Amino acid sequence: MTEKLSETARKTVLEPLLANGWDMVEGRDAIRKTYEFEDFTEAFAWMTRAALWAEKWNHHPEWSNVYKTVEVTLSTHDVGGLSALDAKLARKLDGL
């Protein structure tokens, strides 16, 4: 079962993500990052690859796409905030 990140885990898990361009969402226990690509096709291809991992892990991001920009917000709705699944998916998205 997925659990909300403890304060100790937040420091260990979130610090590397925040150093890599993720930001805390004001007013929510969530993280957000904006990815920019060469064009729409590259952005959409990245979203397709990301969707396959999200489906495999049954953990789906909130995201929006405008032309070559994709904004991603991660939070685990089942626990009401950030969980290890969010960190795992964030790391995968950064590596795609």
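The largest pocket holds about 150 Å³ of space. The model is predicted. Ten positions need naming here. The lining of the largest pocket consists of Thr2, Trp57, Asn58, His59, His60, Ser75, Thr76, His77, Asp78 and Leu85. By class, this lining divides into 2 nonpolar, 7 polar and 1 charged residue.

Trp57 links the pocket to the aromatic contacts, as a lining residue and as a ring partner of Trp53. The ring centres of Trp53 and Trp57 are 5.1 Å apart. Their planes meet at 50 degrees, so the pair is tilted.

The charged end of Lys88 sits over the ring of Trp57, at 4.3 Å from its centre. Lys92 lies over the face of Trp53, and the distance to the ring centre is 3.9 Å.

Aromatic pairs number 7 in the model. One of them joins Phe37 and Trp46, with ring centres 5.4 Å apart. The planes of Phe37 and Trp46 are at 40 degrees, so this pair is tilted. Phe37 and Trp46 are both buried. Both residues also belong to a cluster. Ring pairs link Phe37 and Trp46 with Trp22, Tyr35 and Trp63 in that cluster.

Methods:
Residues numbered from 1 in each chain as written. Predicted model: local features only at pLDDT ≥ 70, side-chain atom pairs only at ≥ 80, totals over all residues. Heavy atoms only, no water. 1 Å grid on protein atoms, 1.4 Å probe; cavity = no way out; pocket = protein on both sides within 12 Å on 5 of 7 lines; lining within 4 Å. Points joined across faces, edges and corners; volume = space filled by probe spheres on them. Nonpolar A, V, L, I, M, F, W, Y, C, P; charged D, E, K, R; others polar. Phe/Tyr/Trp six-rings, centres within 6.5 Å; stacked < 30°, edge-to-face > 60°. Buried < 20%, exposed > 50% of the residue type's maximum accessible area, 1.4 Å probe, protein only. Lys NZ or Arg CZ within 6 Å of the ring centre and 35° of its normal.
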